[in-house]
Number of protein chains: 2
Amino acid sequence: MAKKVVIVGGVAGGATAAVRARRLDENAEIVLIERGQDVSFANCGLPYHIGGEIEDRAELLLQTPARLKARFSLDVRIRSAVTRIDRGARRVHVRDLAHHREYTEDYDALVLAPGAAPIVPPLPGIDHPAISTLRNMTDMDRIKELVERGAQAAIVVGGGFIGLEMAENLRRRGLTVALVEMLPQVMPPLDPEIAARLQRELTTHEIALHLADAVTGFEDQGGRVRARLKSGAVLDADLVVLAVGVRPESTLAREAGLTLSERGAIVVDEHMRTSDPHIYAVGDAVQVRDPVLGGETLIPLAGPANRQARIAIDNIFGRPTRYRGTFGTSVVRVFRVTAASTGLAEKNLRQRGIAYKKIYVHRSQHAGYFPGAHPMTIKLLFTPTDGKILGAQIVGVAGVDKRIDVLATAQQAGLTVTDLEDLELAYAPQYGSAKDPVNVAGYVATNALRGDEDFIDPAELDDDARPNWTILDVREPREYEAGHIPGAVLIPLGQLRARWEEIPNDKPLVVYCAVGQRAYYATRILRAKGLHPRNLAGGFTMYSLCHAQPPVPGTCG
Amino acid sequence: MAKKVVIVGGVAGGATAAVRARRLDENAEIVLIERGQDVSFANCGLPYHIGGEIEDRAELLLQTPARLKARFSLDVRIRSAVTRIDRGARRVHVRDLAHHREYTEDYDALVLAPGAAPIVPPLPGIDHPAISTLRNMTDMDRIKELVERGAQAAIVVGGGFIGLEMAENLRRRGLTVALVEMLPQVMPPLDPEIAARLQRELTTHEIALHLADAVTGFEDQGGRVRARLKSGAVLDADLVVLAVGVRPESTLAREAGLTLSERGAIVVDEHMRTSDPHIYAVGDAVQVRDPVLGGETLIPLAGPANRQARIAIDNIFGRPTRYRGTFGTSVVRVFRVTAASTGLAEKNLRQRGIAYKKIYVHRSQHAGYFPGAHPMTIKLLFTPTDGKILGAQIVGVAGVDKRIDVLATAQQAGLTVTDLEDLELAYAPQYGSAKDPVNVAGYVATNALRGDEDFIDPAELDDDARPNWTILDVREPREYEAGHIPGAVLIPLGQLRARWEEIPNDKPLVVYCAVGQRAYYATRILRAKGLHPRNLAGGFTMYSLCHAQPPVPGTCG
């Protein structure tokens, strides 16, 4: 007998699941139930239609119910809400929101793809009509309309993906934009010194940053909104976008008695099966395995949602594939700058007491002699014993997405930093270097692993600590004059062999240059003289990023 | 006692070796001997200075002897040729070309980095002053001067990396350009149907292609050059660039009695050591291991040369690192199009009788709803039993270099096509898709591996074979009208469930769409009806590329 699959939620994971089910079984009955107006819309594109970069709204509708019906013989029901799961009878209760009627639908297998809902903090004045979250096309239309009716000023609350994308796009539309973020940095998946580069870019584009601050309440001011912040600041705006995070939409699952995590996510096994063997769940509502350290986590991303949907359907149709967990590989563009990460951040490792080593490299995305070279910063975190990749973060103007995908692939394949030395990548002057930035990261990390280089974290050179060190700058005089670490002694690398005896020897020695490479050469020279210099990780570039922002105790660098 | 290392050749591998040696040993005596005028110049950039994209000639000089002396305490001797190696005495004989004197230099370890020399075929008239190869800055200056003195027409002989880059750059300078290539395709590392996309781009930019043809001789025509081709064509030009390939510069090694390969390359072990334990060799002159199939090969590329140099020096200074072989990962830009490859091509596999499967996918480099999406074609070759990656080729306008590096990393890590399904890559609409092209290649290849899809090679549907097949086109009528395979029956995918019984059943059935995805859906529907359709690999797109060019017996598709 033909199998009947009911899928709840028709956006990323749900739509993928439905189409995959049809491919695996031409005779299955497949019902896709979506609460909203649209299925399979491009939610990652919403901010860019508001900003105008995606001009045509219709581009965002990747599928229509009619096309899904014609091509895949799917039974798609929009504006329909599943209100209850009767697990014993394998039946869901559906409310047709357009026609105000209720009915039931039996299933052999049920797939939950409800997603995650934007968190709306219970603040005074939160229900002001100019305050909106951004989850779907309807939200997008509302915000866009406010912009087009002449909004001059906006407040974005939350500095994650959606917050940054909205700040950029509202600014592109000419609004003045204030961004309020509770943490002392934007983009929580990144470490603060990497996020600092994004903060500089936001500031360059006149986004007013209110970091380590929070809205305490909203007031109406004749149709406009006034936000009061914990710091005492007062911001007025014509529209407010709330993007403070999401929570799994697991009410239906909870009411059905399915096992949830402490954070309210649906618990699934590696086949994406919930605690009920006939019910699967995928996407932003489910808890996933952390494949780096083990344990469970919650990472809402579109790529993993699609993958999970495929795996759930495979298992329903008798193909026992497994989901191995989510590494959290992600990328964001903020004006001209791109930031990306994969695996764990340093702050996660510290929090969990995991031993690690880290290095920074600063390299251009392609040969420096070819026009258009821009530096990028790579931060690489790895185990101190065997050099397994724990995580990587990259920020720069170009080539960032490529290197994070190479590092993500390397991490997922279980490579070590020493394997990165050997990676043979494609080189032409437009695209890379004979030693790609990924290779260089491998070289520096392997040096650190073997003890060829002994790094010091830029965070350790704060105002209190600096006097305890002899700090040697091996750059050229014009670089030193343009800015240097307070108290640093200048001996350019080219003069070091002749002048090394000038270095005071009453304190431990740290050497730095712009990015760490000349300092490495210098430490090799000085070690041969019997000294024990440390190399400032990431050089003056990282020192500046690290100490430019309000210091973040225990996390900077 | 301090070790003395003599390095012969100061460009890619030689310069890297010298600098690495200093890092490993501050006290070593390091002598770098270079025959030419410059050390460490950017040879991959030479065509772009002729074309004007790299404006400043000085950008190409990555290091100067003075800087190498000051920073690394290297003894650099330009315009100096090593004429003989006295292995017994561990001594080289050096000719100072500037001062016409000879002397000897002892060594503890000798590193040969002589590179490869452009092949100059012994054709009548080959010594015409307007005919040049392109190996160094002097060659570049000569060609550039001819352009600037008003050259109107150029002939480029050879369609590999340098040939294509020169054709593009001379065209950019406004010259009419004819390209002559012995093979029936450009870019020999690629399979012909992938190279066909480059040929289209060259033709679009008015490069006259003479494929499967050869120059038989040159004549002087009042200072200009007349080339006669095997086909009978006659070409006149103001300058000719010869780029028909390179041969290892192994004369010095051969005269010293070191073991050479049949093709004249220096034989080294995995430590880059030659048959003499005190002599190492790196770069374009050495034979390398083929890490995919085993055996030995010859692949001149800058990245591997650098890596080999590092490994040779490591071993000289007591760090026993190993070179694992060269995968041949490479990329080239031809006007707006980028082509890249890694591992083996289909033609290599056929030649060597290796069993393989292949798939094509056509996807955009990023989300289709974001402006600027361009399709790319990925060809993936893998073992038919366990899905190990044998090779990959990609051609397209954007994002090609990223995907080849991800696939190269996957191949080098030993991943299978099924692992590509699972790869978690960074997605934002500017950079990728929730299902990245690499994931999609993994899906399609895994389908082929499991027998979910049964592909037919576009090359099999030639004029002779087509009448033996029922050919079903499942695209929309407007696509069919714009062009279709002769004799194809049209039933759009959306009507297939209702109309499948119209399909003639007297011959085997092949189904196609634009790129293969709708045809896959169609084959799933038809299989459920009891039919046994095959999916045309790469769809109408690949069929058109494959059959647009002069057919290449036994290799097309």
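**Close-up views of the two-chain model**

**View 1. Val332(A) stands opposite Ala339(A) in S22(A).** This is a predicted model: local features need pLDDT of at least 70, side-chain atom pairs count only at pLDDT 80 or more, and totals for chains, interfaces and linings use all residues. Residues are numbered from 1 along each chain as its sequence is written, and chains are lettered from A and ligands numbered from 1 in the order in which they are written. S21(A) and strand S22 (residues 337-343) of chain A pair in the antiparallel sense over 5 bridges. Two strands pair if DSSP finds at least two bridges between them. Helices (H or I, at least four residues) and strands (E, at least two) are DSSP runs, numbered from the N terminus.

**View 2. An open sheet in chain A has 5 strands.** Their order is S21-S22-S25-S24-S23, with antiparallel pairing. S21 and strand S23 (357-364) of chain A are the edge strands, each pairing on one side only. On average, neighbouring strands are turned by 10° against each other, direction ignored. Axes are lines fitted to C-alpha atoms, for helices over the stretch in contact; angles run from 0 to 180 degrees between N-to-C directions.

**View 3. Chain A meets chain B.** Here 63 residues of chain A are in contact (C-beta atoms, placed from the backbone, within 7 Å) with 63 residues of chain B. Elements giving two or more residues to the chain A side include helix H1 (12-24), helix H3 (65-72) and helix H10 (400-412) of chain A. H10(A) gives the largest share, 9 residues.

**View 4. The two copies superpose.** A rotation of 180° with 0.0 Å of shift along its axis places chain A on chain B (RMSD 0.0 Å). The copies are thus related as by a two-fold rotation axis. The same surface serves both: 100% of the contact residues of chain A recur in chain B.

**View 5. Val111(B) and its contacts.** Leaving aside neighbours within four places in sequence, Val111(B) is in contact with Val5(B), Ile7(B), Val8(B), Ala17(B), Tyr280(B), Val282(B) and Ala312(B).

How values were computed
Contact = placed C-beta atoms within 7 Å. Least-squares fit on C-alpha atoms with pLDDT ≥ 70 in both.
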